[in-house]
Structures are given as structure tokens and as C-alpha cells.
Amino acid sequence: MTEPHPVIPAATVVDITADRLAEQAGRLLAGGARLALVAAHHDTGTDPGAAAIRIVYLFTAGPPDQRTELHLRTRPDQPTVPSLAALSFPAGRFEREMHDLYGVQPENHPLPRRLVRHPHWPHGWHPMRADAGPRPPLAASEAFPFVTVQGPGVYEIPVGPVHAGLIEPGHFRFSVVGETILKLKARLWYVHKGIEKLFEGQPADQPVGLAERISGDSAVGHALAYSLAVEDALRWPVPPRAQLARAAVLELERLHNHVADIGAICNDVGYGIAHSHAQRIRETLLRLNHATTGHRLLRGAVFPGGARLHTVPDPTTIRTIAADIGEVVDIALRHTVVRDRLTGTAVLTQRQAADIGALGYVARASGLPTDARRAHPHTVLDALTIPVHTSGDVLARFLIRVEEIQASTAILTDLLTAIGPGTITSHPRPAVDRPACGVGIVEGWRGTITHRVEVQPDGTLTRAKIVDPSFFNWPALPVALADTIVPDFPLTNKSFNLSYAGNDL
Amino acid sequence: MSAWGAAAVQAVLVAAVAPLLIGFMRAVRARLEGRAGGRLVQPWRDLRKQLRKESIIPADAGVFFTAAPVVLLATSVLVAAAAPYLSTRGPLPGVADLIVVVGLLLLGAVALALAGLDTGTAFGGMGASREMTIAALVEPTLLLSVFALSTRSGSTDLGAIVAAGAADTAGAFTPASALAAAALAIATLAEAGRLPVDNPATHLELTMVHEAMVLEYSGRDLALVEWAAAMRLTILLGLLANLFIPWGVATSLHPLAIAVAVVVFVAKLAVLGGLLAAGEVFAAKLRLFRIPELLAGSFVLGLLAVITSAVLA
């Protein structure tokens, strides 16, 4: 580690009016930035005009790390925003989310349907508003009309929301001719927990445990994004060694998830022996995690201001595990039937991935080299390599995971020699004298996680906005599945492996 | 021992051994995959548990749904009693005929497919449609591959075919029988819903064939369906064993000969089941649209077996 510790830049904040929003956003997007987050805030205040809904649009680009926030105050009596859906597909989805949770009306939205709210939610009740109050009773029944695909021989297969096995709830409606999928509509949002609301009012350095539970398999990713956001808001310096330790546990999280996915993808094509061995290897990693952090899923290692490791794993152990899974992968890919099942299945083209705003291995399998470890580094990783494939099929998403395991092993080999066990914090929580906001961006194992927090002078949170990569990637799944056959859906779904809990907060 | 007595012993043996065969195959597979696995008698325990539970019948289901488990089990028991597993001298020579046996197996499959449709659910219909696609290719292969052996005895009676093989074991191994054995083996995999055609271990509804049809069954009905499915695998493996390795099958009804036949039959089943389970460890499930290619290949093997046996006979 010869290079200096990177300074995470603060976001450039631009206050903007509704009529100039589209122009500014368009300029940022044309300049190569991506819309990372849109968050509504219900400002309360006693001054005239202070109580209003304020919208923050966060655009990020990198390298070099650039963060630009557009702040838009809506009219207090009637919150509306001009829709950016024509410029950015994710913006349209963020606007629908804001409409459901805050009652902000997007103007000229091409698809102004509900997103988060199921029809049985109380009408006109927007739970994230400061004056929402207790929940009114739910409606007894609900209708959820799907677009009916018509034509000779077209039929529908409804699947879920209750599935066999340990799968989160989601309803999928396939319109099918024979075995070929014409259209897939996914209905999610069955697990709304109000997590963002739970953050509000808590001391900023406290609710890292809540962040770890946003999506159980991304404990480190969300804990780190949250910690970075709080540290950014409070201008809280973190020792470089703590940042290295955080980077190491982030890679450990990537390892155990990718190993599990490799086995599960093989299992979905009926190749059970690869699954058995992947589970054996994952168990080894989970025990290593337990020894390293005291928790099999690496909870408790990352917190605002520092990091804590019980022990530091031996790099040789990591390399042995990586070689082990490499052997399993070689055996699986030499199997012609396995390779045939993965090759050319459910292709997501580069253009589609870019338009949807796909992140993580989904984007990298479709030829988009997005990676927050390069674009928004919190520490310098000399050994960082970012594998990219261009075919966009299940095989590409499988191979990206395989290569990322090797890449993470290289990073860990480098990092583990530079860090030691123990708790690394050097500074107490700084005090703030005025309301502050901060952004944390992390490349979790599933993709780029973005958190944005607002803190008031007493150090408590007024708002935390969380964006899991699944929010961006879910719309890519139906697109990739067009013209795929029904029995390949579980395989495709596993190759995306999106989080329901992280998507529906 | 009378012919009826031998048939009863055969039916009871197949019914009793079938769940154990499933348990044995799971155990072999678990061991080879490095897992501990369940016990041999676990499928029997599951059956006992399910037999004690009431059946839930979907609101839209009709007579096909309630009748299918009984039809499936009845056809399986009939084939198990009539076909030459222990003795070549069955009490019902007409039923042990090749075409009747294949027809009985098909009757069970059709009953289950109709039951799948009868539930009115998307999964049932999907499974039924896939099962019929596969059955349309499998049944002709079953017929052809056994038919290739019938030229030897000049009869389509399975008892006669096995008896001819047992009388002349050297003559049982011909190019035609090798081709027919390969065709029948692939057809058995497809008919019994094993890898690479269907994955009996999957929980993913959208990939299922056999399991999709029976998703709505519960309690006693599910027990009957699962029991019958295990018996069908035993029936097919047993046919494969006795048609191509006709040693140890009793040609008389002497109790000692039957007793020897029981031991030999169970040993053959264990070997074939073990081989099948070991093979499944190395197999992956084919893409659905590749299955017709595999089955068409097995049909061609069966056809070649018939031609070879006709030419060389």
C-alpha cells in the first residue's frame, strides 16, 4: 500500500428549480454520470414555507469520484416534480416510489402506476411523510390487473408469492406460448418493513445493526455504505487501517455469496454434486467469517468510525478455498449439458443493461465495467481487477462470479498482510453544529449500494435513504427472459439472484 | 406354489421393495456427493406418515383427480404381479404381453396427466403437457426395444421372452439385445422421471415434469402416487434386468426356485439402482427442448435393434 489514502469527496450540492431540473439532469447524464439515488425528504419547520417536501437527486460518476446532488423544493401545498423518466429509466421508478411513500406527484410520467403500494394499502396514506400518523385499516381485498397477452395458444402461469424452498416472496406472471415466455411481469414489494423510517430519530452512529439487516446476505455492504454516509455527513475521519479491514471483510462477503451462487446455479440445472461441494466450501468460508468477525455473515465488523476484527484470516487459507471452488467450477463447465444449459440462456444485451441502469455482476456480464471500488473507492486496492464479459447470458453471469472470486482472493492476499486484529477507531464521534448530509457508496457483492443520510445538530438522523442494487436490477430480469423458455426461468432468476428485502425497504 | 401364489409374492415384493429402492438410490447419491443422506427406510416412513394424513382435494378438481392415484397404483400392481420378475409362468399370460404391459404403464401416465389438468392449476397443466410430450416418444421406444427381443422367442409374451433368454443365456447377448438394452435404459430414465430428463430432487415448480402434475396431491393420495411412482421405477428396472440378464428367474413354480429368484431379483435391482444413482451424480438436466432429441435417439436405437434382430435371426 504505497498510494495515499483516498479522500472521499463531498457531494456538490446544487439547489435547483423545477423548470431547470430536466436540463441539469440531462447535462449530468450526458456527461457520463448515473442517477444513483433519488430521495424525498419531508421537512418540517415552523417558519412559513419551511414545511415542504424536498427532493434530492444524487448523480455519481467516476473515476475520479464525483458526486453531484440536485436539491429541489416542491410546493408545500401540492408536491409535484417534473418527471425525468424520459431521460433515465431508474428515475421513473424512483419517482413512482416517491409517489407511493410521500405522495409526490410526478408530472408527465409515462407510466404513473403504483410501485411500492399494494392495492390493499390505505388510499391517500403515505407512510414516509412526517405527518403520516398511525396506519389506517387495510382494505379487505385487492385487485391487481396484469396486462393480458392475447393470441392463439397464449396462456398465463402465475407463480408465487409463496415459493418452495427458502425464497423470498414475489409473484411472477408468465404469459406463455407453449414453453416460450412472451412476457413476464414481476410483482414484488410484499415485504415492506419501513426500514428507512426506523432509522429516523436514532443517533447517527447507532443503527448499523439495522443497516446490516437490510438484506441479510449483504450485511457488510450495507453496514459499510451506511458508515461511509454517516462519516461523510459528520466529516468523521477514519484510520486508513480501518478502511483496509473494511475492504477485506467486504471481499469476504463477496466470496461466500459468489460460492453459494455458483453452487445454486449448478443445482438449478440438476448438477447436484457441484452444489454439494459449493455448500461445503461456503461452510468453510462461513466458519472463517465467524473466526474473523464473530458472526458467520460478518455482522459487527464495520461500524461508523472504524472496524473490528477478532482475527485476521491466513491468506493461504483463502487461496486454498479459491483453488477448491475453481476445481468445482472446472468440473461443472467441462460438463457439456451444464455448459449447454448456461450458454445463450436469457441474454441481457449491453444496450438493455445500460438503459435499465443495471449494476454489479449483471452489468459486468453484459459488457458494462461498472464497479464502485474503482469509481468511488474508500480505500486504495492495488490488486483490484474487474472482470467483464459481453455475452450477457447466464454463462457470463456465472463466469463473472468465478472470476470475481479469483479477483477477491488477490485483493485479500494483498490486504490481509497489511491489517491486524483488534478494534480500529481513533476518533470519537465529531459534533456537528448544523444539519449535515452524507453519501456512502460501496460495491457490495451484488452491486453498487448507495446510502444517503441527513443528520441534525444533536447527532440524530432525520432521514436515511437506502438503494440496494436490486432496485436497479429487478427490471432487467423480465427483459432478459423474453423468448426464454419457462423451465429456464429458475436458472435465470438464480443467475441474477436479486434481493427482495433490499428492494422493498 | 400355484401361479397365483407366485404372482402375489411378486406384487408384494415389488410394492415392498420399491420405496427401499428409492431410499437406496438416494443414499448412494448422497454418499457419492459427500453427504450423509437419509436412511434406507426413509421413503417408507414418509409413506406411512402421508397415509395417516387426510387428502386435500382442490375445489375445482373432479373425478380424474380422485381416481388417478388408484388407477396409477392399480396398473402398477397389475404389472408387478403379471410381468416375469420372479417366475416366467405367470397366471395371466395375456396380461404379461409386451403390448399390454406398455399399455398399462401408459394408462397410469395418462391418468396422472389428466389429474394434473383436472386441478385447473397452471402447474398441473404444464406438467401434463410436458409428460405427454415425453410419453409420446417414450412408449414407442419401450415397445420397439422389447419387440426386438421377441423375435428370439417368436412371441410378445414377456414370460416367454425371459424364459427363452434363461434357457439360452449365451443367445441372450446379441448386437440386437445390446441396442435394445440401450434404448430401453433411456426410455426407463424418461418414463420414471429421472435425470437427465426430469429432476426428482428439485423444488423448482417451473422445471418439473412429473412433480408438477402431482403438486396438488396431499396425504393418502400423495402417498399412493409416490408409492406407485416408486413401483413404476422398480417395474421398469426389473424388466430391464430380467429381459437382458435373464439369470436366476424361476422357470418353475417350486418354492425354492422362487426364493432364489427373490434374492437374485433384489440383487439385480440394487445393482441397477446403484448404477442409476451413481450415473445421476454425473448427470445434469437437459434443456427441455433437447429431451426430444435424446428420446428420438433412443427410438432410433430401438428401431435398429428390431432391424438387427430381424436380419440376424
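Biologist: In this predicted model, in which loop of chain A is A:His376 found?

Modeller: The model is predicted rather than determined by experiment, and local features are described where pLDDT is at least 70. In chain A, A:His376 is found in the loop between α12 (372–375) and α13.

Biologist: Is A:His376 buried or exposed?

Modeller: A residue counts as buried if 20 or more other C-beta atoms lie within 10 Å of its own. Around A:His376 there are 27 other C-beta atoms within 10 Å, so A:His376 is buried.

Biologist: Which residues does A:His376 touch, leaving aside those up to four places away in sequence?

Modeller: One residue to begin with is A:Gly62, which is 314 residues from A:His376 in sequence and yet 6.5 Å from it in space, C-alpha to C-alpha. Once residues up to four places away in sequence are left out, A:His376 touches A:Thr60, A:Gly62, A:Asp65 and A:Ile441.

Biologist: Where is A:Pro64 found, and what is the omega of the cis peptide bond that joins A:Pro63 and A:Pro64?

Modeller: Most peptide bonds are trans. A:Pro64 is found in the loop between β3 and β4 (66–73) of chain A. The bond that joins A:Pro63 and A:Pro64 is cis, and its omega is about -5°.

Biologist: Which loop of chain B holds B:Pro196?

Modeller: The peptide bond from B:Leu195 to B:Pro196 is cis, with an omega near 5°. In chain B, B:Pro196 lies in the loop between α7 (175–191) and α8 (210–213).

Biologist: Is A:Asn497 buried or exposed?

Modeller: A:Asn497 has a positive phi of about 40° although it is not a glycine, and its place is the loop between α16 and α17 (500–503) of chain A. With 22 other C-beta atoms within 10 Å, A:Asn497 is buried.

Biologist: Why are α5(A) and α6(A) described as roughly antiparallel?

Modeller: Two packed helices are described by the angle between their axes and the distance between the axes. Helix α5 (residues 219–234) and helix α6 (residues 240–268) of chain A have axes 8 Å apart and pack at an angle of about 150°. Because angles over 145 degrees count as roughly antiparallel, α5(A) and α6(A) are therefore roughly antiparallel to each other.

Biologist: How many nonpolar, polar and charged residues does the contact of α5(A) with α6(A) have?

Modeller: From α5(A) come A:Ala219, A:Val220, A:Gly221 and A:Leu224, and these meet A:Arg246, A:Val249, A:Leu250 and A:Glu253 in α6(A). Sorted by class, the contact has five nonpolar, one polar and two charged residues.

Biologist: How are α8(A) and α13(A) oriented to each other?

Modeller: The axes of helix α8 (residues 315–334) and helix α13 (residues 394–416) of chain A come within 9 Å and cross at roughly 170°. This angle makes α8(A) and α13(A) roughly antiparallel.

Biologist: Which element gives the most to the side of domain 1 of chain A that touches domain 2 of chain A?

Modeller: The domain assignment of chain A gives domain 1 (12–107) and domain 2 (195–495), and their contact takes 14 residues from domain 1 and 15 residues from domain 2. On the domain 1 side, β2 (34–43), β3 (52–61) and α2 (89–102) of chain A give two or more residues. The element that gives the most, with five residues, is β2(A).

Biologist: Which element gives the most to the side of chain A that touches chain B?

Modeller: The contact between the chains takes 26 residues from chain A and 21 residues from chain B. On the chain A side, at least two residues each come from β7 (154–159), α7 (272–293), α9 (336–342) and α16 (489–496). The element that gives the most, with five residues, is α7(A).

Notes
Residues are numbered from 1 along each chain as its sequence is written. Chains are lettered from A and ligands numbered from 1 in the order in which they are written. This is a predicted model: local features need pLDDT of at least 70, side-chain atom pairs count only at pLDDT 80 or more; totals for chains, interfaces and linings use all residues. Two residues are in contact if their C-beta atoms, placed from the backbone, lie within 7 Å. Helices (H or I, at least four residues) and strands (E, at least two) are DSSP runs, numbered from the N terminus. Domain bounds come from an automatic or database domain assignment. Axes are lines fitted to C-alpha atoms, for helices over the stretch in contact, and angles run from 0 to 180 degrees between N-to-C directions. Angles under 35 degrees count as roughly parallel, over 145 as roughly antiparallel, 65 to 115 as roughly perpendicular and the rest as oblique. Ala, Val, Leu, Ile, Met, Phe, Trp, Tyr, Cys and Pro count as nonpolar, Asp, Glu, Lys and Arg as charged, and the others, Gly among them, as polar. A residue is buried if 20 or more other C-beta atoms lie within 10 Å of its own, exposed if 12 or fewer, and partly exposed in between; C-beta atoms are placed from the backbone.
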